[in-house]
Amino acid sequence: MSQLHDIPLSVLDLSFVAEGGTGPEALRGTLDLARHVDALGYERFWVAEHHNLPSVASGAPDVMAGQILAATTRIRVGSGGVMLPNHAPLMVAERFKVLEALYPDRVDLGLGRAPGTDQLTSHALRRRQDVDPGDDFLDRLKELMLWDTGRWPADHPYRNIQVMPVDLRLPPIWLLGSSGYSARLAAQIGVGFAFAHHFAQHDVLDAMLSYRAGFQPSERLEAPHAILALSVVCAPTDEEAEWLAGSVDLAHLRRARGDYRPIPSAEDAAAFPYSEQDRAFIRRNREKVLVGGPDRVAEGLQRYLDTTKADELMITTPIPDLAARKRSYTLVKALQAVAVAA
């Protein structure tokens with residue numbers, strides 16, 4: 001059974017825009033946070049791809065990954081993830097090979113099945129691609145892997161196209177998911193799997209355990225590696241953590257109503273006139289957010305490890321106050337030292 005003190009801890013950051021703040025501030029905050037958690041000893045730092053969301057500043061995880069790699073020294077950096085329906089597989093292969101060439105053994109290629117946006121924006125992203133408008137994720141994934149291996153059928157028209165630079169492979173591939181589909185597919189093709197528990201409706205145990213049970217070793221990965229992504233707000237006391245998490249509560253409530261404005265402050269969240277229905281929604285949503293002081297958070301993280309058998313925990317802390325966000329990651333990482341001492 002994995003213990004908190006010996007499990008890798010990682011970070012997922014979406015470059016959230018604070019209400020009253022700006023997109024450039026959010027992007028610079030991501031770089032600041034990456035340097036901070038690199039120094040703390042976190043394993044990975046992943047950035048997401050979303051489009052047409054006023055609350056999220058970055059829609060280009062490959063660009064952000066390059067900037068973060070340049071600003072850090074040891075942490076692995078990757079996409080959490082590239083939304084493959086939005087991109088030609090050849091372009092994805094080229095961009096991540098360049099990153100791997102410049103920063104060997106520090107890059108991860110996480111792939112998502114969803115477009116990461118609304119239907120109209122998804123159409124705009126894909127309208128110049130000559131593709132079937134349906135769900136072609138599996139076809140794109142197969143093509144991406146062929147760009148990596150070069151094992152095209154003898155009569156395939158792409159057989160003689162080279163992905164530059166030619167003298168290295170793609171970085172490790174991860175499938176991201178919030179349902180059982182990606183878990184089963186990741187197990188079948190033998191790659192890492194990351195489950196987005198912070199927004200998933202699918203049962204976390206089904207996804208995590210079915211991936212492990214069905215895993216088939218491959219040349220990419222010999223044994224299963226399952227990352228559990230969790231939303232965590234940690235502060236010195238339970239009371240302060242609850243205060244900070246008000247931002248998360250109100251942001252989720254707004255998104256449920258189709259309102260994607262920037263992330264509210266804790267002060268604005270505390271002053272919001274919640275109805276009883278709103279408070280019931282927040283209580284339900286809090287099942288996906290781990291909030292508290294160090295003791296409460298440590299207990300919650302260990303509980304997730306015990307039940308999901310995760311090989312790694314990836315923390316996202318979607319609060320607008322950068323200083324409080326950095327402190328939260330500091331406190332969570334310090335829990336490992338406390339666990340060892342105990």
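1. A word on the ground rules. Residues are numbered from 1 along each chain as its sequence is written, and side-chain values use heavy atoms, with hydrogens and water left out. Because the model is predicted, local features need pLDDT of at least 70 and side-chain atom pairs count only at pLDDT 80 or more, while totals for chains, interfaces and linings use all residues.

2. Let me begin with the rings. Rings of Phe, Tyr and Trp (its six-membered ring) pair if their centres lie within 6.5 Å, with planes under 30 degrees apart counted as stacked, over 60 as edge-to-face and the rest as tilted. The count comes to 9 aromatic pairs. One of them joins Trp147 and Trp152, edge-to-face, at 4.8 Å centre to centre and 70° between the planes. Phe193, Phe195, Tyr211 and Phe215 form one aromatic cluster.

3. Trp152 also pairs with Tyr158: the centres are 5.6 Å apart and the planes stand at 85°, so this pair is edge-to-face. Trp152 has a relative accessible area of 6% and is buried (under 20%; exposed is over 50% and partly exposed in between, with a 1.4 Å probe and protein chains only). Trp147 is buried as well, whereas Tyr158 is partly exposed at 33%.

4. Two charges sit over rings (NZ of Lys or CZ of Arg within 6 Å of the ring centre and within 35 degrees of the ring normal). Arg113 lies over the face of Tyr181 at 4.0 Å from the ring centre, and Lys333 over that of Tyr42 at 5.8 Å.

5. Do look at strand E4 (residues 107–112), where Leu109 is found (strands are DSSP runs of E, at least two residues, numbered from the N terminus). Leu109 is buried, at 0% relative accessibility. Beyond its neighbours within four places in sequence, Leu109 is in contact (heavy atoms within 4.5 Å) with residues including Val82, Phe96, Leu144 and Trp174. Finally, the largest pocket holds about 1200 Å³ of space (an open set of points on a 1 Å grid over the protein atoms alone, where a 1.4 Å probe fits, with protein on both sides within 12 Å along at least five of seven lines; lining residues have an atom within 4 Å of a point). Of its 43 lining residues, His50, Ser178, Ala196, His198 and Phe199 are the closest to its centre.

How values were computed:
Points joined across faces, edges and corners; volume = space filled by probe spheres on them. Helix = DSSP H or I, 4+ residues; strand = E, 2+ residues; numbered from the N terminus.
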